[in-house]
Amino acid sequence: MQPRGSQLRFFSLSRLAIILIGALRCSAGDLLTLPEHFRPDPFGGIVEADRSPGAAPARAITLEGARASFVSCHLLAIMPQPGDYSLDAGAFPGASGLQVELYREWFHYLPKTKNYYPDALVPVAPQYRSKLPEPDNRIANQTAQAFWLDIWIPANTTPGSYRMKAVLNAGGMLSAVPIEVKVLAAQVPAEDVVAMDHNTYGTSWLATDYPSLSQRAGDSFFTSDRYFELIQAFHRVFYENRGVFHQLGYGHGGKVGPEFAPRLEGTGKDKHIADWSLYDRHFGPLFDGSAFAKTHLGPRPIKLVYLPINPEWPASFLWWGEPGYEREFVNVVSEMERHFREKGWTTTRFEMFFNHKKRYKAFPWDGDEARFPADTAYMLEYSRLLRRAVPPGSPVKFVFRADSSWTLDRQVRELAGVVNFWVCGQGELAYQPEVARTLKQRGDTVWTYGGTPEVTEPSSHITLQVLRPWMWGIDGFVHWMATDPGPDPWFQFEGGGETLVYSGDRFGIGAPIPSVRLKLQRNAVQDITLLNEFRKTRAIEQLRAEAARRFNGTELKDWWSPRPPYADKDPLDRTNADEGIPEGPRFHEALDAGAWQRVRTYVLELARQEPAGDAK
Amino acid sequence: MKAAITFLLAASPLLMGQSIVSSEARAQELERVAKAATAMVDGDVCLRIETKRSREFLQKNDPRDPWIASDNFDVDHAPFIQTKKTLMRLARLCPEACDANLWMPVEGNPPRIQILIRNVYEMSSFWKWGDLHQPMPEEMRRVLATGERVTFRGKRGMISVLAPVYDSLNNIVAVVEVVSQEKRDLQENVK
């Protein structure tokens, strides 16, 4: 598969760069560049997972993108000898509106592979001064520092070409990289065609991950303004990178974090909401969108939020099966509906979602990944209670979410008209396209869930999770855990399979910082959202077929799995050892780093062909 | 005077998770509740909580499926709910936030035990979060062997009183842990 368009120019330049890199050995320093999908290492090369024939740092780069989107690349400050340097990332002409954001790439050491991968992105000023080896990263013989360059193209930018130069000053010697951005007339829609969701649980870890903030606030940390600003910063880092953030506020035993629910008083018929103050401080700026006022995407309410509803809240499980349970549930949830309505919080979808599992010994049924037939009755009862609590025609959007795997097809049948937001095990949905079709025909929201590719996998692997939902015609994907980088992500990294952000604490930033993988995912979301717009003028199946061909040389049928033998077993007889039918290497080990670039090239081809405005 | 103090303690909602009760006084209150637990919790009902199928899987190990035991953990709803409600009522006797947890032995050598019912504050001096079953703590072994109530001071200011649960044959079949914490961690176990 041949690279096209700007990709081709890159490869021509990279050949030249190979020659030039040899020459720089005798210079003080050199500034080079790499496209986003070739992640650099700390010695001037490309990380093992992303290497491909002919790929090498280059002396110039051309980026192309639609309006209302980011384009990105890496900059590499290379110095054969230790010393001070400064990097000026440059700036585009003010009239262009293009905005430059620079991040220093942290090189994580992975004991299991005994090498370094960049992932955490530390925001730095466009004029950055430091030295190599970078003191805090502590890499012996480090000769290259990498930077992630984000360039935001506002929606009102005039289409055309814009140029700037990034300049490295090492020992008084200057090295420059010309950067050209070609802005197309097309515009990436504000609403993403796939929701990339990032999940986490509770908040106790925030005090550990942000010791500077928590120590400063002392015992009042969890009720302090800084704490709520920190939570909002989590929402913001995902929102700004075209993602969604979910934070579950209750435990498997029904313990609710005080900031995730209004405070209740009374019991039975007298149970009521006594205090909204913590809840409103926490969620108010998220529900009215003001928490996102200073973002490129602008202030919008969060799309979704977990409610604190669980078997123990708002009704006490002590009354389960008795009139008091219904009264407590209905009274409190009705008050919530009224509060949300009066506040005008009518955009966000409020999820009644049961995460508990009986294995954690607090309740007799599984809310999450239900497996046992007797558990279905509870879901039906909660649906009834929710309908009693929420008046018909309420503008407040309550949804009933279920995360389903073992018994997906059974739950889809039994909970028709009950659950309307499905988060499906990816492996289970993979062989049941008819389930996806059924749910979408009902008007339900359908996501899948799974893990996150570790940094040691080729950079394109994270984009597979963007492309797959779109290929399947569903709505999103959940990274089941997106905020846990492990005990020492900086020097003993475990790979990042459960995180896409890092604590900024060690850099004096009281907020999460993004990652290379999160940025790669964001750029893919932009592309697929723009690609989806062309369904107005082309058949969606044609768009999907070409995207699949370019991505990994597959056909549409390859994106669904054959039905595995275990699928016909009683779910209680199934085990995790039951083997599905593997997708094949083109979805895994043979999926090269350049896969998404080929899809992007396709999107840009279409965007160039469409008359301006058609793809808005 | 004692009644007044008891009233004040009971009236305190402890919204900030901060206890005003001395360690000794708290232990005495928990002891009182634990004693009631022995009287009120029905050991025969407890024996019917975990299903036979679940017990068959409980100690299975499969290198190809590390979750085989937990994925097959199941309970009979009626005895579970009946016992949980009793434990919740017992917890209401505490003057401050407390949980009453049910523990039951698991067959095997060396002896093991599993927490079988937890409650809303998600407190325990013994449970390691997520464990389906675990080695038998010496304090629980003592309760099961002798019928004594045992007071245990755990980590992070937790105090537990362990009490025996009897079935109709006068066998000790389970242990109730009545537990409170000097300063409740409002964020812990919200996950």
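Modeller: A quick definition before we start: strands here are DSSP runs of E at least two residues long, helices are DSSP runs of H or I at least four residues long, and both are numbered from the N terminus. Please also keep in mind that this is a predicted model.

Biologist: Thanks! Then where does B:Glu122 lie in chain B?

Modeller: B:Glu122 is not a glycine, yet its phi is positive, at about 55 degrees. Most residues other than glycine have a negative phi. Its place in chain B is the loop between strand S2 (112–117) and strand S3 (134–135).

Biologist: Is B:Glu122 buried or exposed?

Modeller: B:Glu122 has 23 other C-beta atoms within 10 Å. A residue with 20 or more counts as buried, so B:Glu122 is buried.

Biologist: And A:Arg138, is that one buried or exposed?

Modeller: A:Arg138 has a positive phi too, of about 50 degrees, and is found in the loop between S7 and S8 of chain A. Its count of other C-beta atoms within 10 Å is 12. The cut-off for an exposed residue is 12 or fewer, so A:Arg138 is exposed.

Biologist: S8 keeps coming up. Which strands stand at the edges of the open sheet in chain A?

Modeller: The sheet has five strands, paired antiparallel in the order S1-S3-S8-S5-S6. An edge strand here has a single partner, so one of its sides is left without a neighbour in the sheet. That describes strand S1 (30–35) and strand S6 (115–124).

Biologist: Which helix lies across S3, S5, S6 and S8 of chain A?

Modeller: The helix covers residues 516–533 and runs at about 145 degrees to S3(A). The helix you want is H12.

Biologist: Lastly, how many charged residues are on the side of chain A that touches chain B?

Modeller: In chain A, 28 residues are in contact with 31 residues of chain B. By class, the chain A side has twelve nonpolar and ten polar residues. The number of charged residues there is six.

Notes
Residues are numbered from 1 along each chain as its sequence is written. Chains are lettered from A and ligands numbered from 1 in the order in which they are written. This is a predicted model: local features need pLDDT of at least 70, side-chain atom pairs count only at pLDDT 80 or more; totals for chains, interfaces and linings use all residues. Two strands pair if DSSP finds at least two bridges between them. Two residues are in contact if their C-beta atoms, placed from the backbone, lie within 7 Å. Axes are lines fitted to C-alpha atoms, for helices over the stretch in contact, and angles run from 0 to 180 degrees between N-to-C directions. Ala, Val, Leu, Ile, Met, Phe, Trp, Tyr, Cys and Pro count as nonpolar, Asp, Glu, Lys and Arg as charged, and the others, Gly among them, as polar.
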